[in-house]
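Hi everyone, thanks for coming. I'd like to walk you through a structure that may be new to you, so please have a look at it with me.

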Amino acid sequence: MGDMTNSDFYSKNQSNEGNHAAAGSFGCTVEDLRNLMELRGNEAIVKIQEDYGGVEGLCQRLQTSPTEGLEGVAPDLAKRREVYGQNLIPPKKPKTFMQLVWEALQDVTLIILELAAMISLGLSFYQPPGEGSEGCGAAAAGAEDEGEAEAGWIEGAAILLSVVCVVLVTAFNDWSKEKQFRGLQSRIEQEQKFQVVRGSQVIQLPVADIVVGDIAQIKYGDLLPADGVLIQGNDLKIDESSLTGESDHVRKAADKDPMLLSGTHVMEGSGRMVVTAVGVNSQTGIIFTLLGAGEGEEEKKEKKGQAMEDGQQLADCSHPSSHPIATIATDGAAGANAPGNASLVNGKMQDGNAENNQTKVKKQDGAAAMEMQPLKSAEGGETDEREKKKANVSKKEKSVLQGKLTKLAVQIGKAGLLMSAITVIILVLYFAIDNFVLQKRLWLPECTPVYIQYFVKFFIIGVTVLVVAVPEGLPLAVTISLAYSVKKMMKDNNLVRHLDACETMGNATAICSDKTGTLTTNRMTAVQCYVGDVHYKVIPDPSAINAKTLDCLVNAISINSAYTTKILPPDKEGGLPKQVGNKTECGLLGLVLELKRDYQTIRNQLPEEKLYKVYTFNSVRKSMSTVIKLPDGSFRMYSKGASEIVLKKCSRILSDVGEARVFRPRDRDEMVKKVIEPMACDGLRTICVGYRDFPADPEPNWEEENNILSDLTAVCVVGIEDPVRPEVPDAIQKCQRAGITVRMVTGDNINTARAIAIKCGIIHPGEDFLCIDGKEFNRRIRNEKGEVEQERIDKVWPKLRVLARSSPTDKHTLVKGIIDSTLVDQRQVVAVTGDGTNDGPALKKADVGFAMGIAGTDVAKEASDIILTDDNFSSIVKAVMWGRNVYDSISKFLQFQLTVNVVAVIVAFTGACITQDSPLKAVQMLWVNLIMDTFASLALATEPPTESLLMRKPYGRDKPLISSTMTKNILGHGVYQLTIIFTLLFVGEQIFDIDSGRNAPLHSPPSEHYTIIFNTFVMMQLFNEINARKIHGERNVFDGIFRNPIFCSIVLGTFAIQIVIVQFGGKPFSCSPLDLEKWMWCVFLGLGELVWGQVISTIPNSKLRFLRRAGQLTKKDEMPEEDMNEDNEEIDHAERELRRGQILWFRGLNRIQTQIEVVNTFKSGTSFQGALRRQSSTTSQNQDVTNVSSPSHVSLSNALSSPTSTTAVPAGQC
């Protein structure tokens, strides 16, 4: 088996290796390069030196230039792809449509329906013998004409058909979602570009176009797209945890450890590398393919649980060469399951769309390929991950709506079951009493089949009642509503990765947003500067600045910034110049251009290789410095960074004549007050630029960073503006109106953050709120030991609006603190935005994580639920609107559906009890049920959202799904419809002067009387559907009806079909054609619904006390279930009911025991107090018992056998 997978796996590459002739022209084969990339550290350097003559030699063999890159001519690129492969890893196969259908069939409601349909079908074909036994009793079962007898199977078939509809719609939705995700994935992949040098030009290439031999430029935040060898690097640190599980960053240098692996993250620094392996031949690709090859087998083995063979088989397919991926991780073998990588394994991986994420997980597992156990653990990792994924799925709290709906469906199902059971019992009893008691008939053996047939008929009526009671439109409504919303949200720049995130967003109570790029435009421009003792409010003319100072400033900015950062001419005439690379640096380069200088000429004189040493920017340093060697052999270091940090390291400052003068701490304090704070209060980010000169001899020790980065000379302070997006203040106001608190979490200085927060409207002057920085935040929430305490967080978060200078950990702590808080009645539902690699944990922890589509790193996108394709805060508000719309759509549907159900069930039930026959025939019921359900769910679930949705507070987790207004509407309309139908049923024949349809003899043709009842019923539902469009008691139910063409077409369509059924339905539908006058009456009675709706909405809810009680009941009811959910084990509802039954049973037992005890105590005359004491202890046990959610009978039986409760009960007396 293993060998076979090997050959599959290598078949792709075999052609390459056989391709020696072609590879000959390149001087190294795929296999050579692959073996090379498996080495690390010194081994790798020795190998490159010995076999290739250094990196230059390697570049020569690959026919590329380390500085100018490939020429980029098509034949050469094509040849490289042919020999070394493309930079693509083939994606995992998507689920087939049939698999999705099978998954959709697992729905509980559908299973109940399927069973009902099977029974119904089976019974319809059951024809008992002995039809003609006249003496066996009256036709007490009521009139059932032969048309209906022949059409008996229609009922079962119709139910099955409805199930098929629901399943196909669900499966189709999943399928199109998967397709969308794949499209999306490829879109994300196409958007992922990388900087490559070709023909000595730096260009951005889609990752898939990179070939072996390309020279790639790497910088902070990159996810490396291919394996390569470092040519030149500045302070480069790589996070290889995705491969090795080592959480420490690995320092890379051309002379120490030049091997760079695909899928690892650049955490610091920059550099250039020559690409040596792409696609399936890169380290990621190798592990990925191994896992891909082993996966099918692994599933089979998993079932048999033959873990041992698994290891064997996978070890086989590890590698043909003698050393598999052995040397990836000498330390990684242990690290593969280290906590460092857990976060990735738990990644939310939905629908196989997280290609990158899988790559990561797989890389990390492959790291363990160490001893002979190698790929056992690698594959085991995958299995683990699968298990974890399974665990995760069950542990992830159900979305608010799902929880409420499941509960509701179970309650409705129970009620329906009860009604149908009572119907059957009453019919059977009536029949039995009528025949055997009143008419004193004997049960004759030859009559048995006839009686059985009667009972079967009764059972069918019962099943019909049940079918009408179960709202099978519910799952459909949810699916349609969510799918429709997700499609539309794409247009609103929300790319939903997890369906339930859309609905959770509607309940959001807090949004923690980044500042840069989300609230602001992320287009930095320098607007103020302080240079030569003068604070310029606008950028000065170059002539105003001393020439020496100007030169120093221009050099400092041009050299001490990433050479990949550039300002390019605008795409369109008259547009703004294009900023490429780090936006803050772009702002500074913009300043150089405004001072009429060109940064490119300076960079050309001093190319990147000539830079002596670079200290790149990171979140600890908060500054960047570059050392250059001057012609006289001495050194100069330019430095720039956050002004308060860099100024602390300055001991001199350039004066107005360009001379350095002493800069004392008190001068610094004055400068902070007079320059930096005013700039920050205008919402500017302040950057200080400085330099320091070092002698040639002795050369300083560059590793002693603290000594080097001190004693600087300040050149200038620049105020950089990142303007607030124009639409943001309005969006934030909408959020606040909607009861959502917006908090800004940013890395910027506190004054800048506060100024921007005021501009956005997050804080209003004079309000009671907190703006603090990370340091203060940590001081407030941690105890003496430095541990975070929930009570302390609870004192901070309600008033917190701005958290400045915050680290990613602070963000995670804040989100977790708000979610876990029990300070307010409702559990807070938190949405978070993030773009950086280190925002991953916070995005995962939040209820809804938003990643930035443009500025976001790949890691952030993987951890998120929704991707904002335009990085804009106002898109989040759209997501809230859509989320609330989903919730409301489903409430509208419920209001309509429950009215239909209540009325239909009561009519069928009372009809069956009084006239022994349902006025609405089974097939008619199903038309009402199926078509109304399915069509109504379509009509009401596709209402577009309106701004008014943002005028109310979020619903919260424990608000009952059916509000008191909805209950009022359901009961109100139910009363109207029942009154009309029963009036028609009992006096209809007199009103319309037609023959009565009641107690009609067997096999009589359909009566006009019953047809009018059926038709009026459907008309009332149609007009009530319009009423159902509003659920908050609004008066105008027609408001915006034409904005929803689907709704209009469905109402008209249903009306048309109803005409066809009544006029031409005949026997299968038990309908007799009606004339125009009767039709007008039916429509008129239906229109009455609209008038009645107005009457209902005038009744104030406060008058209807019992409605409020109904709401509270559901709340109380929810409590134990919530407790059970906390246990994180998903219990299905049947099981939950069972447990509740057990609890009640034990409670009963306990009470009986207590009473026996009391009696015994009286008998034996011991003190009454003792018994009471015992009783109270038992009661307290009862209270404990209600909260038990572990296998409850264990703890309960313990409680029962506990000595206290049984002391006084002798064995015999139980």
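I'll begin with confidence, then turn to some strands and finish with a pair of helices.

Keep in mind that this is a predicted model. The average pLDDT for the protein is 74, and 73% of the residues reach at least 70. Two stretches call for some care. Residues 1–24 stay under 50 in pLDDT, and the model gives them 37 contacts beyond four places in sequence. Residues 1109–1138 also stay under 50, with 34 such contacts.

Now please find strand S16, residues 635–642. Is S16 enclosed or open? Of its 8 residues, 8 are buried, so the rest of the structure largely encloses this strand.

Who are its partners? One is strand S15, residues 623–629, which runs antiparallel to S16 and is joined to it by 7 bridges. Across that pairing, Ile-628 sits opposite Arg-636 of S16. The two strands make a hairpin with 5 residues between them, and in the turn Gly-633 has a positive phi of about 90 degrees. Another partner is strand S19, residues 684–694, also antiparallel to S16, with 8 bridges. There, Lys-640 faces Val-689 of S19.

Last, the helices. H35 covers residues 873–915 and H37 covers 964–992; they pack at an angle of about 35 degrees, with axes 9 Å apart. Their crossing is right-handed. Among the residues making the contact are Leu-894, Leu-898 and Val-903 of H35, and Ile-970, Gly-974 and Phe-982 of H37. What classes of residue does this contact have? There are 12 nonpolar and 8 polar residues, and no charged ones.

Key. Residues are numbered from 1 along each chain as its sequence is written. This is a predicted model: local features need pLDDT of at least 70, side-chain atom pairs count only at pLDDT 80 or more; totals for chains, interfaces and linings use all residues. Side-chain values use heavy atoms; hydrogens and water are left out. pLDDT is the predictor's confidence in each residue, from 0 to 100. Contact means heavy atoms within 4.5 Å. Buried means under 20% relative accessible area, exposed over 50%, partly exposed in between (1.4 Å probe, protein chains only). Helices (H or I, at least four residues) and strands (E, at least two) are DSSP runs, numbered from the N terminus. Two strands pair if DSSP finds at least two bridges between them. Axes are lines fitted to C-alpha atoms, for helices over the stretch in contact, and angles run from 0 to 180 degrees between N-to-C directions. A crossing is left-handed if the near helix is turned anticlockwise from the far one by less than a right angle, and right-handed if clockwise. Ala, Val, Leu, Ile, Met, Phe, Trp, Tyr, Cys and Pro count as nonpolar, Asp, Glu, Lys and Arg as charged, and the others, Gly among them, as polar.
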